[in-house]
Amino acid sequence: MASRPQVSARLVLEDGTTYVGVSFGAETPVAGDVFFHTGMLGHPESLTDPSYRSQIVVLTYPVVANNGVPADVLDLHRLSKHFLSDRLHAAAVVVSSYDASYSHWRATRPLGEYLRANGVPGLSNIDTRALVKKLRECGVVRGKILFGDDQDVPYPEKLRNLVAEVSTREVRDFRPLQYHAKTAKRILAIDTGLTNTVIRLFLSFNVQLRVVPWDYDISTEEWDGLFISSGPGNPAQCAVTVANIRKALESPNPKPVLGIGLGHQLMAIAIGASTYEMKTGNHGLNHPCMDLRTGRCYVTSQNHGYAVDSSTLPEEWQTLFLNLNDRSNEGMIHLYKPFFSIQFDPDTAARPADTEVLIQHFLDSITHTASTAYTIPLQPPHNIRKVLVLGSGAHAGEFDYLACEALKALREEQIDVVVVNPNIATVQTAKENADKVYFLPVTAAVVE
């Protein structure tokens, strides 16, 4: 393949800060909100997530695209097999180092070619560490990707309804390949940015799934369970959806309702709670969330810029999940009715599968009487003074990053850290990450 001539391009933030790099995507000027994504893989999947509609996405992982992009083929349900939707939703992609020499058994083309085919700019050779640091300090920042010296493009309207852009225009019906009509549960899904992976997750059960547009009058439908999907933008733009959800929640004969992502925020507004715009939002594949019923922590996928204010929840609702990074609300549950919602994505596709079971819980609530919900107050232990960390023997950049973040958190809490057989290179070279490091095999005798 002949190499493409390098084309200079620049990312210009709203305050005038400029980052000059090299184009590897479409040479089309764009403007939008600039967010950073901390995922280390699955970038083609993430960029087709409707929640990234019209956003300039900064990928924090240092080397991007060496996995290439798979072919856009359909599965047996006529859904895109390898992507979260049928099109690329991100406005642009910004990376530190772009690798066009992909190597993956499923890949058929480099990321740059995929971006160009979809008219999406890609910008490489950017100091993404400095850029992310600025985004963390300034919060949500608008930016433009420009090519010519005198080129400019207007910013999109702030009141733009992104949900209306990504939602289905017509009613769609799905059934699993092994379908049993007598026992199938009727699920009505409001599409505010529904992904293919969520549809496939539902179709792994015996359900009759009907997907309807974001502003569809659901009072005309018969259903056993109501599902509200994730999606992009400000939940305040979806007043029609909120009104429909409110009617379902206030029904004298309540049926199970589950909202995820944007659907979680819309449910919160429907019950009278408030949402707020986060400083940077949460975008990535490795955010820890605690289930306040059990104290168990899950690794979750996040892609949202708004959050629910837990202090505004009505008395009959409780916080269900809590983000352990920023203490933001990650879910809520009704005390005695079959309603609950989560902020994170339970589906897979380059994402953790830890919380797929919540879809099973939702379906089970259709046939089981709702029980009283009990959550536990979050009380981190304060009597821990020293922690022993055992290496696993694996060698991967992702483990390096996660382990270093965990060690950093422990040190911030004034907890002594002792590491045995560290497999993470950063610990071996950075003294501040641990108090003591022992290069010894992890055996019972050594640990004892």
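Three strands form an open sheet in the order β22-β23-β24, with parallel pairing; strands here are DSSP runs of E of at least two residues and helices are runs of H or I of at least four residues, numbered from the N terminus. This is a predicted model, in which local features need pLDDT of at least 70, side-chain atom pairs count only at pLDDT 80 or more, and totals for chains, interfaces and linings use all residues. Residues are numbered from 1 along each chain as its sequence is written, and side-chain values use heavy atoms, without hydrogens and water.

**Open sheet**
- β22 (386-390) and β24 (436-438) are the edge strands, each pairing on one side only; two strands pair if DSSP finds at least two bridges between them.
- On average, neighbouring strands of this sheet are turned by 15 degrees against each other, direction ignored; axes are lines fitted to C-alpha atoms, for helices over the stretch in contact, with angles from 0 to 180 degrees between N-to-C directions.
- β22 runs parallel to β23 (residues 416-420) and is joined to β23 by five bridges, with Val387 bridged to Val417 in β23.

**Barrel**
- Seven strands close into a barrel with mixed pairing, in the order β1-β2-β10-β7-β4-β3-β11.
- From one strand to the next, the twist averages 35 degrees.
- Six bridges pair β1 (residues 7-13) with β2 (residues 18-23) in the antiparallel sense, and Ser8 has Val22 in β2 as its bridge partner.

**Helix α3**
- Helix α3 (residues 128-138) has the buried residues Thr128, Leu131, Val132, Lys134 and Leu135; buried means under 20% relative accessible area, exposed over 50%, and partly exposed in between, with a 1.4 Å probe and protein chains only.
- Seen down the axis of α3, these buried residues fall within an arc of 160 degrees, so they line one face of the helix; the arc is that of the directions from the helix axis to the C-beta atoms.
- Arg129, Lys133 and Glu137 are exposed on the face of α3 turned away from its buried side.
- Gly139 follows α3 and has a positive phi, near 85 degrees.

**Second largest pocket**
- The volume of the second largest pocket is about 600 Å³.
- The lining of this pocket has 27 residues, and Asp33, Lys158, Leu162, Gly233 and Tyr306 lie nearest its centre.
- β3 (30-37), α7 (262-270), β17 (275-291) and β18 (297-308) are the elements that give two or more residues to the lining of the second largest pocket, and β18 gives the largest share, four residues.
- A pocket is an open set of points on a 1 Å grid over the protein atoms alone, where a 1.4 Å probe fits, with protein on both sides within 12 Å along at least five of seven lines; lining residues have an atom within 4 Å of a point.

- Eight of the nine residues of α7 are buried, so α7 is largely enclosed by the rest of the structure.
- β17 is mostly covered, with 13 of its 17 residues buried.
- Five residues lie between β17 and β18 in their hairpin, and Gly295 in the turn has a positive phi of about 85 degrees.
- β17 also runs antiparallel to β19 (residues 317-323), with three bridges, and Asp291 stands opposite Phe321 in β19.

Conventions
Points joined across faces, edges and corners; volume = space filled by probe spheres on them.
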